[in-house]
Amino acid sequence: VPVYLTALGTVQALNTVTVIPQVGGQLLSINFTEGQPVKKGEVLAQIEPRTFQASYDQAVSKRNQDQSLLATARSNYERSKDPKYSQYVAKIDLITQHNTVVQYEAAVAADDAAIRDAKVQLDYTRIISPIDGVAGIRGVDPGNVVTTSSSIVTLTQLHPINVMFTLPEQNLDMVRSAAGKDAAALQVTALDRTDAHPIASGGVLKVIDNQIDTTTGTFRLKSEFPNAKNELWPGQFVNVQLLVNTVDGGLVIPAQAVQRGPDGDYVYQVQADNTVKMQPVVIAGEVGDSHV
């Protein structure tokens, strides 16, 4: 007989990303369809790149200029060191030429850094999806000027998907004992709000939270479902069944037959002579409207 712990759960996307531009400018295009899947690396939107392209081109030109000056400075320095000419060059001039070479080398290195920075800013004009997911409702329209605080769209990753739920603290030892060292060994099923039928199966327990909420006396758990057919949707409320034990040869009795007395739970057992006798019982768990 399977023994379940039941709780109210909330469906939570594995990853939720709000896509915000990292540079400002006029939005040229939106390249995704609301409510449709997007792939990681896919271009979601395009910001006007001409200003950033100009900055990149300026940085490249500045490096080319400094590289030419560096080449001239090196040539002069190497010629001055040549034994043929060194006797005609003052030592202070040779030191100055060496320092000029070092100065231009530093300038070229700074130009390389400026180019990399300009390239990053230019690349930011292409807004890329960071995850595989489903696009929500867009927050801006093409033609608008966006800033680094504008929200383009929110992406949610649905495969797999998480279901968060809580259990009373008195169930903690039972769950931990059942899970052992591998929480994923415990199976989880999501049912509709009326417990009429399963919505999604194949879930596994992923995490038992590391603390108990002192205000509610409960602890949180996270389960994960493959959600291949999108049965679960972020923000949805479901009833959760956590399988914590399977009783071999268990005796199942209706919950309404169990009575509570000063010495614990008991039931009336019909004897062979049609009389009844009080029998103490130890409840191992609940199965629907019955006790094991």
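This is a predicted model: local features need pLDDT of at least 70, side-chain atom pairs count only at pLDDT 80 or more; totals for chains, interfaces and linings use all residues.
Local features were considered at pLDDT of at least 70 and side-chain atom pairs only at pLDDT 80 or more, while totals for chains, interfaces and linings use all residues. Residues are numbered from 1 along each chain as its sequence is written, and side-chain values use heavy atoms, with hydrogens and water left out.

Helix H4 spans residues 172-179; helices (H or I, at least four residues) and strands (E, at least two) are DSSP runs, numbered from the N terminus. Leu172, Val175 and Ala179 of H4 are buried, that is, under 20% relative accessible area, whereas exposed means over 50% and partly exposed lies in between (1.4 Å probe, protein chains only). These three residues lie on the same side of H4 because they cover an arc of only 70 degrees around the axis, the arc being that of the directions from the helix axis to the C-beta atoms. Asp173 and Ser177 are exposed on the other side of H4. The buried residues of H4 pack against several strands, including S1 (2-19) and S8 (153-168).

In helix H3 (residues 91-123) is Asp111. With a relative accessible area of 7%, Asp111 is buried. Apart from neighbours within four places in sequence, Asp111 is in contact (heavy atoms within 4.5 Å) with Lys62, Arg63 and Asp66.

Val276 is located in strand S16. Val276 counts as exposed because its relative accessibility is 54%.
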